[in-house]
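Let us walk through this structure by its charged pairs, then turn to the ligand.

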Amino acid sequence: MSRSAHPAGPRHADVLPEGHYLAPPADLNALDAKVWAQTVTRDESGVLTVGGIDVKRLAEEFGTPAYILDETDFRARARAWRTAFGSDADVFYAGKAFLSRAVVRWLNEEGLNLDVCSGGELTTALSAGMPAERIAFHGNNKSAEEIERAVRAGVGRIVLDSFLEIVRVAHIAQSLGKRQRVQIRVTVGVEAHTHEFIATAHEDQKFGIPLADGQAAEAVRRALQLDGLELTGIHSHIGSQIFDMSGFEVAAHRVVGLLKDIRDEHGVELPEIDLGGGLGIAYTSDDDPREPHEIAKALSEIVTRECEAAKLRTPRISVEPGRAVVGPTAFTLYEVGTVKPLDGLRTYVSVDGGMSDNIRTALYDAEYSVVLASRTSDAGPMLSRVVGKHCESGDIVVRDAFLPADLAPGDLIAVPATGAYCRSMASNYNHVLRPPVVAVKDGEARVIVRRETEEDLLRLDVG
Ligand code: LLP
């Protein structure tokens, strides 16, 4: 995933950038299991189905655009993470990827904990019955009100992000007569994205307290002195959509180094280490993510080895996958509205949503795949760009894709791997209504987040 934003809108001349991975697939109707939720397939008439329900029926019943979430797949992925890390480690699902009350209940039932990063996420989690002690509260600027709410609720962990926050949380906890369990988030000087990581200069960012110049050690010193806090561990999060484990290796090495310094200075061995989230998923056939059990094995080996070398007891590990749990479980179902061939360039396929339901393409140059979903086709490949209905030329859902040349208005197309950071980052740009999230399981479909209505828009607009 490229990170170079393109604020001026779409690129023009590059029909397909040189060396681009995309070539017309051998079979335009094929579904690459890597990018689709577990129960997605085509029925005998060629219509895409999920959980045993075909997308034509889903479109008829729930309208388009819609995020269609495969509950069986979500539960299977959550369980795979839980099982992979076993009883010696904790998995905190990162709610920022996508949070709803149904999702909270599934997580609860599958034995995952939850990372929230705002009062809104905390409310959603508590209102759906997630036990407070299984919630971790994150954020670089939690308000005093949010902190108080979290401490009163009894959240299991608050992740402290600055020197100011150390004092703020201690003060609030103490005034409530409580001792709050906390971790300190450190920046280890590693930033990882996709297939590479960079091990310099990434302390220049808003999150965490740098390990450099003894700053994190000073934060630990202060936290250990305050009665309102029980410091249980160190937290590190190095980036997003990561495939290469070497960034985690460097991060673990540096965090364990801090744990050793803490032991040497204070005679305390902190019992927890959190390595954050950021594990990558397949958006296109080009991506090769690792399985949770491989990641769990790699992380636990890294931490154990580092701790043995430092003669420390191995702390309890936790991780915070968001995208890797929910990302692959959903696809966005759109109806094609217009098909506009531009000679010698490509065909622009306009759908009934766009950057309001998936900002990731415009914001991060993210790549997605797409298929014709309401039927199969024998037509040849047509180089396409799937665009939305917004008044902005950068309103692109899938920058480069091959769709069948007989694509027509009224066809349904599906964009896979939109479970993470699509609904949660959706907007009302142009007063376009945010799509529903429809959960499908064993032949049944139900709305878990309803479609926004024009009444919703007018309710906020007080006139
Ligand atoms: N833990 C912490 C402290 C985080 O900051 C994040 C993500 C996660 C866990 C979960 O990361 P994941 O496993 O989902 O990659 N909007 C961007 C991603 C922003 C991620 C922010 N923090 C995107 O659409 O790619």
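Arginine 221 and glutamate 265 form a salt bridge, with their closest N and O atoms 2.6 Å apart. A salt bridge here is a side-chain nitrogen of Lys or Arg within 4 Å of a carboxyl oxygen of Asp or Glu. Arginine 221 sits in helix α7 (residues 215–225) and glutamate 265 in helix α8 (residues 246–266), so the pair ties together parts 44 residues apart in sequence. Helices (H or I, at least four residues) and strands (E, at least two) are DSSP runs, numbered from the N terminus.

The model is predicted: local features need pLDDT of at least 70, side-chain atom pairs count only at pLDDT 80 or more, and totals for chains, interfaces and linings use all residues. Residues are numbered from 1 along each chain as its sequence is written, and side-chain values use heavy atoms, leaving out hydrogens and water.

The whole structure holds 31 salt bridges. Another one joins arginine 385 to aspartate 400, at 3.6 Å between the closest N and O atoms. Arginine 385 lies in strand β20 and aspartate 400 in strand β21, so this pair ties together parts 15 residues apart in sequence. Glu71, Arg75, Arg79, Glu109 and Glu110 are linked in a salt-bridge network.

An oxygen atom of the ligand is 2.8 Å from a polar backbone atom of glycine 278. A ligand nitrogen lies 2.7 Å from an N or O atom in the side chain of glutamate 320. The protein covers 89% of the 590 Å² of accessible area that the ligand has on its own (Shrake-Rupley method, 1.4 Å probe; for residues, only the protein chains shown count as cover).

Conventions
A polar contact is a pair of N or O atoms within 3.5 Å; within protein, one must be able to donate a hydrogen and the other to accept it, and residues adjacent in sequence count only if both atoms are side-chain atoms.
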